[in-house]
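Here is a short report on selected features of the structure shown below.

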Number of protein chains: 2
Amino acid sequence: MPELRKDPVLGRWIIIAKERRKRPTDFVIEKPKVLGGFCPLCPGNENFTPPEVLAYRQNSPSKNNGPDWQVRVVPNKYPALIIEGDLGKEAEGLFDKMNGIGAHEVIIESPGHNDIFWNLPVGHISLIFKAFRDRLKDLEQDHRFHYVMVFKNLGKAAGASLEHSHSQLIALPVLPRMIVSELEGAKSYFQYKDRCLFCDIIRQEIQQGVRVVCQNELFITISPFAPRTPFEMWVLPKQHASDYCAQSDAQLTGLAEIMSQSLRRLDCCIPNVPYNFVLHTQPLRLGNIEHFHWHFEIVPTLTSIAGFEWGSGFYINPMPPEEAAQYLRESLDT
Amino acid sequence: MPELRKDPVLGRWIIIAKERRKRPTDFVIEKPKVLGGFCPLCPGNENFTPPEVLAYRQNSPSKNNGPDWQVRVVPNKYPALIIEGDLGKEAEGLFDKMNGIGAHEVIIESPGHNDIFWNLPVGHISLIFKAFRDRLKDLEQDHRFHYVMVFKNLGKAAGASLEHSHSQLIALPVLPRMIVSELEGAKSYFQYKDRCLFCDIIRQEIQQGVRVVCQNELFITISPFAPRTPFEMWVLPKQHASDYCAQSDAQLTGLAEIMSQSLRRLDCCIPNVPYNFVLHTQPLRLGNIEHFHWHFEIVPTLTSIAGFEWGSGFYINPMPPEEAAQYLRESLDT
């Protein structure tokens, strides 16, 4: 019997279609072709990107556009939104529009062209997470922006257009609808229970155990109760925290460790799987809020978005999260 | 300068990234390979599908599972939801779930294996739309169901797994989140203005003209103000109507004409483009409501859903709808 499950945050329903389930080995992903040729993200080609807005050299920030960086952040050469100008909000009859003001940056995660995110040393991955935090803190100063979306697209099927390991951020002058819904869902739970919904989820997941993928002292990775895709994972800090910007270097090292381990487990289950990860943090300049809990969502690209999903916001997932979590738990033990 | 636009129904923002725009000829779609081999949807193979729930033979309904049908509706052999059983709603700690009860049917649109939807005679297409209506009316009798999602996936990239022209419907025991949001957005507008939002959109689109693709006496096709993808189209009845089930045969013939023409225009612009179309109608058993307006949304598969879209519900669209509408208008005039 298939099962309908409701995401407790968004109220989004999904169908767990167990009868259609596959084993991890049934998802065969072609190893991406190495394209070779010129890479604008490689060291030595710094002048082929816009000037850097942040770089870590020898673990400390600097901005000299030289080749000796470990992590480097540059404006996107083909930005979806542009940084200069005012919002120019206006109506067109009953419609609303504004200028496409925002920031669109690329976080170059490592100098090595063929480096794989989860395979980098934990100390290096923590630099990437520090770069996210430091860019968020800087963009927070710009009062035109209300939200910064930080995300990674890995693999062509997940929307990546460059091979060299990188992630991106987009600063937005409006709150995205998904974040509004998440905040509303979490707030309504808080008003009813006087507890953070995500803290309650973490407690229940630890108690039940069946959807826990891995944990360390500070973080936990779970297969969420109502996942959109097979092997979707959420990575959450165990202690309540709504603002990613407020995380210390030590906390980001814990994050680096768990993200590396979670993505390594995913790759063990389904080698070369394309995926997106997205940081869900609170809107800018809100201070710490009681009802939201920052986290990463990792969404593998294993099912297609078809008419039903477009129309309904409903997802059909052939893989129960309890089984996915078991595969992921066992992936590094065998 | 890119532009931010807000969908007036859902409050969803999208980015029109004009600087990244392409001409229709820049989207090169490979002609799908004809697979040949056995097709369970072809006439003569009726016993390879579950017994039909509706079929039109010589324009009138019948159910004898013989090969002389024009349009045939059968349960999906691998359904996402199943028809037998009770809902068994229950909690799992703070989570909510229920049995996957529903209906999942396949509308086989024509006996001809290689027939193309928009190229069928208008009289035949209207039979397909009658089949949608008649199945909706029948499923409405089952009080376990609250919504029926009717949709078509064309092409592998849009999620189709069978070559033979078909569409699908899924009857759901809950209201999908997207429909809830649409109803809420439309209701809030109605409460403020005492007018249907969609009727207002149609009036403004006819007055401005720039986003109108085509119209006939009863229907209009527009490029919506805030489209998610290049060449997205909405097809709406000009007269207010919230319930697709209440449409007469004559109205469904007008619908067949405009859908055929709209999809033909799309195919002229981008030959063999994969797409989804989805019927947005009101929830079951509501009677006629003042604030909702049924319509079809046609969404071509031309951009990929990446991390940013997953996280934000925001879409980046390189094609302004005013230009898309112009291409679509001119496609059949040249």
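## Sheet and helices

Leu154(B) has Tyr275(B) as its bridge partner in E14(B). The strands concerned are E9 (residues 147-154) and E14 (residues 275-280) of chain B, which pair in the antiparallel sense over five bridges. Strands pair if DSSP finds at least two bridges between them. Helices (H or I, at least four residues) and strands (E, at least two) are DSSP runs, numbered from the N terminus.

This is a predicted model: local features need pLDDT of at least 70, side-chain atom pairs count only at pLDDT 80 or more, and totals for chains, interfaces and linings use all residues. Residues are numbered from 1 along each chain as its sequence is written, while chains are lettered from A and ligands numbered from 1 in the order in which they are written.

An open sheet of eleven strands runs E4-E3-E5-E8-E10-E9-E14-E15-E13-E12-E11 in chain B, with antiparallel pairing. Its edge strands, E4 and E11 of chain B, each pair on one side only.

| Strand of chain B | Residues |
|---|---|
| E12 | 219-222 |
| E13 | 233-237 |
| E15 | 295-300 |

H4(B) also touches E11(B).

In helix H6 (residues 321-331) of chain B, the buried residues are Pro321(B), Ala324(B), Ala325(B), Tyr327(B) and Leu328(B). Buried means 20 or more other C-beta atoms within 10 Å of the residue's own, with C-beta atoms placed from the backbone. Their cover includes strand E11 (212-215) and helix H4 (249-269) of chain B.

How values were computed:
Buried ≥ 20, exposed ≤ 12 C-beta atoms within 10 Å, placed from the backbone. Contact = placed C-beta atoms within 7 Å. Axes fitted to C-alpha atoms, helices over the stretch in contact; angles between N-to-C directions.
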